[in-house]
Each structure stands twice: as C-alpha cells, then as structure tokens.
Amino acid sequence: MRVCIGVGTSGSDAKPSKGSSGKQTTKSSHGKRTCSTYFSGSKHSLDPKGAGEYEVPCEDPDLGSFSGGCYFKKADPQPPAGDPAWQGHKPGDGAIYQRSCPFGFPGNQTLAQGFVWMAQPPAAAAVDPAQLAQEAVDKMKLEGPDIASPRAAGKYTVGVPMWMWVRQSATTYGPNTASASAGGITVTATAKVSKIMWKMGDGASVTCNGPGTPYTASEGMAQSPTCGHVYSKISAAGPGGKYKVTATSTWTINWQGGGQNGQLVETRQSQTQVAIGELQVVR
C-alpha cells in the first residue's frame, strides 16, 4: 500500500484537515488510484454520519490532488502581487493553491475552501511500483482462452481422441505489454499464458502447458501430442445433452520499473459445450 504523507507548507493556515487521522493509503482499482483515509470528526461533506474510513479519488480533474485530507490545485493564473492570498510573499516565492477539503476543517469551516499560499507543492503519495504493475495489467484487458477446439457445433465420439487448442492473440494468449506511470516512475509489465486447465465436464481435468496443436485429417485417430482428452461416456445425460467444457488460462505477468521487478499471476476463463455420441457402425 502507498502511504499518503501530509502536506508540507510554511503558511500558517495551510495545514491538512485536523479531522483526518493521518492514516491515509492509496490503492488501485481498474487503473484508477483511490485514496483511503480515516476521518475522526463528527461529520463532513461526504457523509454526515461522521467518523469512519472513506475513499476518494487521488486525482480529480477539477479539484486537483488529494493530500492530507484536502484537495489542492495550483491556481492558474496565479493572483497578482499584493493579493492577500500571498500572505506577504511575492509571486515566485512558493505558489497559490485552491484548497478543497471534503472532510471539512474542524474548528474553522472557512478554511475548508479557498486559496492558500504554499512554499512547496503538496506532497504526493509515495508510488508503489507493484501497484503500478497492476494498473498496467488492467490496461491489457486480458481475456479467457479463445477456444478453437472443441467446437460447440462439432460432433465427437466416445473413445476417439479429442484434440484441444486455442487461437492466440495479445488479449487471449499473449504476449501482451503495457505500462503505467505515476510520480515520475514508469512500470512496464508483460503478460503471457503459461498454462490452460481444461475441465471436460465428465469429471476429468487436463492441464496443457501451451496453446495445443491443431488437428489435421492426416493424423487420423492419433492422440494430440500436446493437449487432448478421450471421453469414455456419451453426453446424453448432461444438460442439453452436452458436456460443459471450461478452459481456465493462467497468465504469468513479469514487470519491472522504479528500481524493482516482480511477477503477478491472474486467471481468466472461457466455456463451451460439446456433444459426445457413440460410434455409428454402418452395415
């Protein structure tokens, strides 16, 4: 987790909201970071129920960056010299920020909104490269296996080897590469399917360490060299007279950036149905 540290300033009234305990963390959800903070006051603008843990976007296009219980956005343009917002300072000596405190400013609600002089920009949350790696993965939009065989419209027979394989693309098999950046750090992640587990619907499971081998007529009754199954019972007793086949891919994701590296693992799933009948003998 990334810890959001307080705002550094020398302005007398430019302080984080005292209603926030300072326990502030951030997390990633579908590529968007949110800041979570514990509010100890009686009530605030987000929820009149008062004390509790709340989650807000770390970045807001209108309000700016969340830090120390408030949002701060640099005023553009900056107020002219002599403006009371400068608190006696001159333009170029620090800057003026618009402050918006969704949790209020206990003891002085007039400070919850308005302009404030700050010697330094609001302190940003420390960036966790592992979290950026997850944001990069979210951008990839990884999917379950694109099943080429078995085909839902296919006709298969008890005792005859079934060949299983999947089509390969960036989103369904990999490799897939994406990057995410924050706080001057960029993390790049590369994902690829490392294995696919097939649940055949008859109680059997088959784990294949590759995409499988496409079947050709010249193979005849041979078994797949990489990924296959042989049904021993017909599917007539199953729902709709078919077996439900579930293919679950395991994505292995290697990432690096910010002086660190690591590995993530995610799974995706696809399903199809297959009808298994008996061998018909022609007399």
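## Close-up views of a predicted model

**View 1. Helix 1 and its two ends.** At 1.5 Å a residue, helix 1 with its 12 residues should span 16 Å, and the 17 Å between its end C-alpha atoms agrees with that. The model is predicted. At the start of the helix, a side-chain oxygen of Asp128 comes to within 3.0 Å of the backbone nitrogen of Ala130. Just past helix 1, Lys141 adopts a positive phi of about 55 degrees. Buried residues of helix 1 include Leu132, Ala133, Ala136, Val137 and Met140. Pro129, Gln131 and Glu135 of helix 1 are also buried. An α-helix has 3.6 residues a turn, so residues three or four places apart point the same way.

**View 2. The disulfide of Cys70 and Cys101.** The structure holds 2 disulfides. In the one shown here, the sulfur atoms of Cys70 and Cys101 are 2.0 Å apart. The link of Cys70 and Cys101 is right-handed, with 95 degrees about the S-S bond. Cys70 belongs to strand 7 (residues 70-74), and Cys101 sits in the loop between strand 8 (95-100) and strand 9 (113-118), so the pair ties together parts 31 residues apart in sequence. Cys70 has 0% relative accessibility and counts as buried. Cys101 is buried too, at 3%.

**View 3. The disulfide of Cys208 and Cys227.** Cys208 is joined to Cys227 by a disulfide, 2.0 Å from S to S. The link of Cys208 and Cys227 is right-handed, with 80 degrees about the S-S bond. Cys208 is in strand 16 (residues 205-208), and Cys227 is in the loop between strand 16 and strand 17 (228-229). The two cysteines are 19 residues apart, and the pair links distant parts of the chain. Cys208 and Cys227 are both buried.

**View 4. The largest nonpolar core.** This core has 35 residues. Met162, Trp198, Met200, Tyr231 and Val274 have the most contacts inside it. Two or more residues come from each of helix 1 (129-140), strand 14 (176-182), strand 15 (185-199), strand 16 and strand 18 (243-257). In soluble globular proteins, nonpolar side chains tend to be buried together.

**View 5. The edge-to-face pair of Trp163 and Tyr215.** The structure holds 3 aromatic pairs. The rings of Trp163 and Tyr215 are edge-to-face, 5.2 Å centre to centre, with 80 degrees between the planes. Trp163 is in strand 12 (residues 162-163) and Tyr215 in the loop between strand 16 and strand 17, so this pair ties together parts that are 52 residues apart in sequence. Trp163 counts as buried, at 5% relative accessibility. Tyr215 counts as partly exposed, at 35%.

**View 6. The stacked pair of Tyr231 and Tyr243.** Tyr231 and Tyr243 form a stacked aromatic pair. Their centres are 5.0 Å apart, and 5 degrees separate the planes. The pair links distant parts of the chain, with Tyr231 in the loop between strand 17 and strand 18 and Tyr243 in strand 18, 12 residues apart. Tyr231 is buried, with a relative accessible area of 2%. Tyr243 also counts as buried, at 10% relative accessibility.

**View 7. The surroundings of Tyr231.** Leaving out residues up to four places away in sequence, Tyr231 touches Val158, Gly159, Met162, Met200 and Asp202, as well as Tyr243, Val245, Val274 and Ile276. Met162, Met200 and Val274 are, with Tyr231, among the residues with the most contacts inside the largest nonpolar core.

Key:
Residues are numbered from 1 along each chain as its sequence is written. This is a predicted model: local features need pLDDT of at least 70, side-chain atom pairs count only at pLDDT 80 or more; totals for chains, interfaces and linings use all residues. Side-chain values use heavy atoms; hydrogens and water are left out. A disulfide is a pair of cysteine sulfur atoms within 2.5 Å. Helices (H or I, at least four residues) and strands (E, at least two) are DSSP runs, numbered from the N terminus. Buried means under 20% relative accessible area, exposed over 50%, partly exposed in between (1.4 Å probe, protein chains only). A nonpolar core is a set of buried Ala, Val, Leu, Ile, Met, Phe, Trp, Tyr and Cys residues joined through side-chain atoms within 4.5 Å. Contact means heavy atoms within 4.5 Å. Rings of Phe, Tyr and Trp (its six-membered ring) pair if their centres lie within 6.5 Å; planes under 30 degrees apart count as stacked, over 60 as edge-to-face and the rest as tilted. The expected span of a helix is 1.5 Å times one less than its number of residues. A polar contact is a pair of N or O atoms within 3.5 Å; within protein, one must be able to donate a hydrogen and the other to accept it, and residues adjacent in sequence count only if both atoms are side-chain atoms.
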